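Visitor: Please take a close look at one part of this model, the metal site. What holds it, and how do its ligands sit in the chain?

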Amino acid sequence: MTPDPAASCESSPDELAEEVARLRKINKVLMDRVERGMDLTGGAYSLFQAATVLEQKVLERTGALEAAKESMERANQDLVAAKEAAEGALRTKDEFLASMSHELRTPLNAILGAAESLIEGIQGPVSDAQEQSLRIVETSGRHLLALINDVLDVARVGAGELALHLEPVFGQAVARASLNIVSGAAHKQGVSLTLVDSGEDPCTLMADERRLKQILVNLLGNAIKFTEPGGSVRLEIVSDPVGEVVRFIVSDSGVGIAAEDLDKLFKPFVQVDSTLSRRFEGSGLGLSLVASMTELHGGSVSVQSELAEGSTFTVSLPMLIEVGDNTPSERVPTAEAPQQAAEAVASSGSGHTVLLVEDNQANVDVIAPYLEAKGYEVLIAMGGALSIEMAREHQPSVILMDIQMPGINGLEAIQCIREEETDRRTPIVALTALAMPGDRERCLEAGADDHITKPVRLRHLGETVASLLADC
Ligand code: MN
């Protein structure tokens with residue numbers, strides 16, 4: 001029985017080392033015999049030969065494996081170092097932008113103040129020509145201040161420093177106030193401005209009034225800017241008690257946006273089209289802020305547009321649900337929630353662990369207690385990197401993955417989790433705040449099993465989780 005050298009080449013380095021040691025022993029015995037002049041039978045001699053060949057091959061193979069392992073470990077270390085450097089650089093950039101914008105505002109305020117006092121004639125009369133120049137100083141200064149404020153807000157969001165002051169607000173009141181702010185610009189541009197309020201009752205929602213106004217003024221300002229004189233801009237407010245959201249819909253009859261540019265819209269510092277940015281001034285930060293602030297509210301924003309056909313932006317924010325009672329969804333049975341689905345949710349939780357990945361505390365505060373009440377054990381990961389670790393360590397029954405997160409985003413986290421999985425496939429539900437065309441496909445492609453748009457309707461979320469667990 002001659003060992004087959006080739007067969008051992010598939011073994012692990014440890015097994016190979018053992019094999020080498022065993023063969024060395026055999027070799028030694030045989031060599032001793034040779035040295036002592038003992039007669040080797042034909043069989044023993046061919047065994048000796050085979051063993052020598054095998055030992056050689058095993059040594060080569062072990063060496064190659066170790067070299068490969070070492071170079072992989074080195075590459076891994078390089079990757080970790082590169083990632084840490086990138087994250088550090090990002091934080092430094094945001095901190096730098098935040099402090100720089102802050103520092104820039106102080107001298108700018110002095111310039112604006114001085115210009116104003118000169119225009120007012122405090123230091124004596126100025127000629128018409130001088131006043132005209134001073135007005136340019138003032139207008140340009142105000143524009144610059146607005147840009148700096150946008151940069152500051154974007155940096156604050158990136159550094160995780162922007163906090164909301166949430167309180168109950170009336171949607172209609174904020175909508176009207178926002179329209180007032182932009183009415184001057186609309187008049188100047190020759191664009192008509194209308195408020196459409198389809199509901200009879202006031203829409204109450206939990207929001208930071210200043211930030212909500214900022215969202216609406218930004219969208220309305222854009223709509224006016226990109227609409228030709230004679231065109232129209234409207235703000236519609238819709239309350240949807242079934243979906244538990246209040247929608248603010250800003251539509252215009254303006255230039256519209258090409259389909260291929262839609263996904264660039266919400267990225268900071270990106271102007272959709274250079275010809276447009278030449279025609280329309282702006283920092284390219286407004287929509288990025290709209291998206292971040294909507295998400296901080298636990299809401300979502302979507303856009304529909306066609307070139308020359310105008311654009312429609314929809315911001316959906318969670319409706320204020322009265323406390324002290326069960327959520328309205330459980331009190332109001334509707335056609336889209338069949339009884340058996342509701343029952344499945346009620347009984348499905350026990351024994352299952354849900355890993356909730358979400359960087360926004362407000363969303364965690366809403367979703368986690370709901371799932372716990374349904375009998376799930378809820379684990380929380382406040383970021384993408386942590387979620388990969390926790391998925392590996394706790395092997396949850398299902399993962400709810402926010403997509404917009406700083407650092408490692410939800411799509412990247414899903415891909416990592418899928419790559420690490422070997423024998424099981426954890427159901428993953430993606431939660432997105434930016435409802436863009438193709439989003440669902442992108443989430444499924446990354447490895448998600450389902451996709452839900454924020455603001456999350458708790459009952460719908462519960463049903464989705466229950467049905468994914470039932471399919472397992
Ligand atoms: Mn998020």
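Guide: Aspartate 359 has a relative accessibility of 28% and therefore counts as partly exposed, in a model that is predicted. Glutamate 295, at 12%, falls under the 20% cut-off and so counts as buried. Both residues are donors to the manganese ion, Glu295 through OE and Asp359 through OD.

Along the sequence, the donor residues of the manganese ion follow the spacing E-x63-D-x42-D-x1-Q. Glutamate 295 belongs to helix α7, residues 286-296, while aspartate 359 is in the loop between β8 (353-357) and α10 (361-373); the pair therefore ties together parts that lie 64 residues apart in sequence.

Helix α4 (residues 171-189) and helix α5 (residues 209-225) have axes that come within 9 Å and cross at roughly 25 degrees. Angles under 35 degrees count as roughly parallel, so α4 and α5 are roughly parallel to each other. The crossing of α4 past α5 is right-handed. On the α4 side, the contacting residues include Val174, Leu179, Ile181, Val182 and Gln189. Those of α5 include Glu209, Leu212, Leu216, Leu220, Ile224 and Lys225. Sorted by class, the contact of α4 with α5 comprises 13 nonpolar, 3 polar and 3 charged residues.

Technical notes:
Residues numbered from 1 in each chain as written. Predicted model: local features only at pLDDT ≥ 70, side-chain atom pairs only at ≥ 80, totals over all residues. Heavy atoms only, no water. Axes fitted to C-alpha atoms, helices over the stretch in contact; angles between N-to-C directions. Helix = DSSP H or I, 4+ residues; strand = E, 2+ residues; numbered from the N terminus. Parallel < 35°, antiparallel > 145°, perpendicular 65-115°, else oblique. Left-handed = near helix turned anticlockwise from the far one by under 90°. Contact = heavy atoms within 4.5 Å. Nonpolar A, V, L, I, M, F, W, Y, C, P; charged D, E, K, R; others polar. Donors = N, O, S within 2.8 Å, 3.2 Å for Na, K, Ca; no water. Buried < 20%, exposed > 50% of the residue type's maximum accessible area, 1.4 Å probe, protein only.
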